[in-house]
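Have the model open beside you and try each task before reading its solution.

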Amino acid sequence: MGAITADGCPVEVYLLLPPAGEPEVVHAAIPPGASILELGCGAGRITHPLVELGHEVVAVDDAPEMLAHVRAETVCARIGDLDLGRTFDAVLLGSHLVNTALDSDRRALLAAARRHLAPSGRLVVEWHPPEWFAAAASGQGGRLGEVAVELADVVRDGDLLSATVRYAARGRRWEQEFTCRRLSLDDVLAGADLAFDGWLTADRNWFAARARRRG
Ligand SMILES: C[S@@+](CC[C@H](N)C(=O)[O-])C[C@H]1O[C@@H](n2cnc3c(N)ncnc32)[C@H](O)[C@@H]1O
C-alpha cells in the first residue's frame with residue numbers, strides 16, 4: 001500500500017497522472033520567466049512543465065512522500081502556516097484546494113497566497129465554479145493518460161458536495177473521498193485583500209486575482 005497524503009491523495013496515482021493543460025493555463029496568465037509559488041504541488045505534475053516553460057518554481061506541500069518526487073525547490077509545510085519572507089510574481093493555488101469545506105482553512109490558504117504575492121503579482125486559482133456543483137454526478141469521468149478516473153457516491157448537503165474519486169491503472173485501484181464547498185467569487189476574495197482579475201479559461205475553472213489597491 002503506497003503513501004496517502006493527509007487530504008487523501010494516493011501518491012502513486014499522482015505519479016501516474018499526466019498534466020492536462022494546467023501548466024499552459026498558468027504560463028499564459030503570467031509574464032515569461034515569472035517566479036511562481038505553487039501551493040499543494042503534489043508530486044510535481046504541474047511543477048515540472050512550469051519549470052520547463054522557464055519559471056522558477058518554489059513547490060509547497062505538507063506530504064514529504066509527494067515532495068520526494070519534485071524536481072524544484074521544495075518546502076514541506078502546511079500552506080496556512082507558510083511564511084517564507086519573500087514574494088513571488090505569481091502564486092498558484094490549484095487543484096480546487098480553495099473549495100475546502102472549512103471556511104477557516106480557506107481563509108488560511110488565501111492569506112498565505114496573499115502574503116507571498118508581489119505588489120504587482122498575480123494569484124492563479126483553479127476552483128470548482130458554482131455550475132460544477134449543479135452538474136457533478138456519479139458515473140462521470142474519463143481517462144487521464146493511463147489512469148481511468150470516475151466520480152462516485154455524489155451526495156449534496158446545502159453548499160457541500162461529498163464524493164469519491166475512483167482511480168484505476170495497471171490493474172490497481174485507488175479511492176479518494178472528498179467534501180468541497182460551493183462558493184461565489186465574493187466568498188473567495190472578500191476579506192482576503194484580493195480583487196478578481198479575470199477568467200483564465202472559458203469553462204471558468206480558472207481565474208486570476210491581484211492584491212487590492214490601497215488608498
Ligand atoms: C489533489 S493533490 C494535487 C497535487 C498537484 N497540484 C497536482 O495537480 O498534481 C493536492 C495536494 O495538495 C496537498 N495539500 C492539500 N492541502 C494542503 C495544505 N493545507 N498544506 C499543504 N499541502 C496541502 C496534498 O498533500 C496533495 O499533495
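Residues are numbered from 1 along each chain as its sequence is written. The model is predicted, so local features need pLDDT of at least 70 and side-chain atom pairs count only at pLDDT 80 or more, while totals for chains, interfaces and linings use all residues.

**Exercise 1.** Find where confidence is lowest and where it is highest in the chain.

*Solution.* Start with pLDDT, the predictor's confidence in each residue, from 0 to 100. The chain has a mean of 97, and 99% of its residues reach 70 or more. Next, go element by element, taking helices (H or I, at least four residues) and strands (E, at least two) as DSSP runs numbered from the N terminus. Helix H7 (residues 185-189) is lowest, at a mean of 96, and strand E1 (residues 36-39) is highest, at 99.

**Exercise 2.** Decide whether strand E2 (residues 57-61) is buried or exposed.

*Solution.* First, the cut-offs: a residue is buried if 20 or more other C-beta atoms, placed from the backbone, lie within 10 Å of its own, exposed if 12 or fewer, and partly exposed in between. Five of the five residues of E2 are buried, so the strand is largely enclosed by the rest of the structure. Now take the faces: in a regular strand the side chains alternate between the two faces of the sheet. Val-57, Ala-59 and Asp-61 are buried on one side of E2, and Val-58 and Val-60 on the other. Finally, look for a partner, where pairing needs at least two DSSP bridges. E2 pairs with E1 in the parallel sense over four bridges, and Val-57 is the bridge partner of Ile-36.

**Exercise 3.** Describe how strands E6 (residues 141-144) and E7 (residues 147-157) are joined.

*Solution.* The two strands run antiparallel, with four bridges between them. Arg-143 stands opposite Ala-148 in E7. Then follow the chain through the turn: E6 and E7 form a hairpin with two residues between them, and Gly-145 there has a positive phi of about 60 degrees.

**Exercise 4.** Work out how many residues of domain 1 are in contact with domain 2.

*Solution.* An automatic or database assignment sets the domain bounds: domain 1 is 11-129 + 183-211 and domain 2 is 131-181. Counting contacts (C-beta atoms, placed from the backbone, within 7 Å), twelve residues of domain 1 touch 14 residues of domain 2.

How values were computed:
Contact = placed C-beta atoms within 7 Å.
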